[in-house]
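Hi,

Here's the model I said I'd pass on.

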Amino acid sequence: MSSVTALLGAGFSAAAGLPMANQIFDDESLPPHKSSERSELLEVVRDYKSWLAENPDASVEEWLLSVYDNISFDLFAEPIVNKKWQSALKFLLRRLSENTDADHSPYYYGVSRYQSHPNHTKFWDCLISNGLQSIISLNYDILVERALHTQTDDKKTTPEFTYGGFPHPTYVDKMINKAAPKGQKSVPFKLGSRYQIYKLHGSLNWAFDVHQPNMKCYDDVRAIFRVDDSMGIPAVIPPLPEKNLPPRFATIWNDAKQALKKSNKLIVCGYSLPDYDFEMRRWLAEALKDSTISQLAVLDPNSKKLVGRWKDLVPSKCDIVPLQGIPGSIDSGALQNFLDG
């Protein structure tokens, strides 16, 4: 029986209509927000465009990493975040939280509720029937969580995933009555356990808790629309050296590495292994060198050009197969043929 891990980059979410990283700051439209914040958020867009004019060959991730500088974390203290990063983060996450091409539901429909883009439904159906065990995501959005559900006897759906790298069974804070008095608005909702999702760079629905040394998981993305800091700081990081990770992320990265080592098939979808993401390249090399991975499929419109980048990272006997992105690799049967092999 195959043990399949999926590694997802921005191209995976783009297949459902979300913008790629380098498109995030091109559009100045935002989901609902306080009018007083608009000038602040647009200022950071102008800052990015000025930086890009001076660094035309650079990526938005590199700009985010430069903005992220000088942030310090202490396990038992609130993260200290500079104002420019906060503004960049608000703009970035709000652009990803509500996109009419990807999700017509209000932002507060969270991970406990099923919704999947047709391209993603085909993808998961194919992987689930062929030994899917874990998902490693480099994306901040919650499209994976919204898709990995099963139907219950009463024709409702329930999540089949949990977040990997957390020390206890994962509960999310689920809104039940937005108008209720404080303390009665939400209830804890337990996630499933069949699939582990390792989100190496954080998630739209996570926040650093300002009152205890944990990350808080919300059902929805309220943390990025909060009116004060009571819900914590969104738990999202740019591509960082592993040694500089916030303590709460270290376990996620380590557990994801162990999951990858135990797999025999790796599906890489929408991640081009760019040169600037040197830390991810190093992490993958370490995870794959002693792994049982024997087959790797690269799903990307430019997959044939990407094969060479992976050869230096995988075991010497690993077979690397270039495939179209989604839905092309699925509709053609190529992904299924790979999984059958």
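Let me start with Ser13, which sits in helix H1 (residues 10–14). Keep in mind that this is a predicted model. Ser13 has a relative accessibility of 3%, so it falls under the 20% cut-off and counts as buried. Its side chain makes a polar contact of 2.6 Å with the side chain of Asp141. Asp141 also turns up among the contacts of Ser13 beyond four places in sequence, along with Leu18, His120, Asn139 and Leu143.

Next, the helix pair H2 (residues 38–54) and H3. Their axes come within 11 Å and cross at roughly 115°, and the crossing is right-handed. On the H2 side the contact is made by Val44, Asp47, Tyr48 and Trp51, and on the H3 side by Val60, Glu62, Trp63 and Ser66.

H3 (residues 60–68) is worth a look by itself. Val60, Trp63, Leu64, Val67 and Tyr68 are buried there. These residues lie on the same side of H3, because they cover an arc of only 140° around the axis.

Last, the nonpolar core. The largest one has 95 residues, and Phe123, Trp124, Leu127, Leu284 and Trp310 have the most contacts inside it. Helix H4 (residues 83–97) gives the most to this core, with 7 residues.

Cheers

Methods. Residues numbered from 1 in each chain as written. Predicted model: local features only at pLDDT ≥ 70, side-chain atom pairs only at ≥ 80, totals over all residues. Heavy atoms only, no water. Buried < 20%, exposed > 50% of the residue type's maximum accessible area, 1.4 Å probe, protein only. Helix = DSSP H or I, 4+ residues; strand = E, 2+ residues; numbered from the N terminus. Arc of directions from axis to C-beta. Polar contact = N/O pair within 3.5 Å; in protein donor to acceptor, adjacent residues only side chain to side chain. Contact = heavy atoms within 4.5 Å. Core = buried A, V, L, I, M, F, W, Y, C linked by side-chain atoms within 4.5 Å. Axes fitted to C-alpha atoms, helices over the stretch in contact; angles between N-to-C directions. Left-handed = near helix turned anticlockwise from the far one by under 90°.
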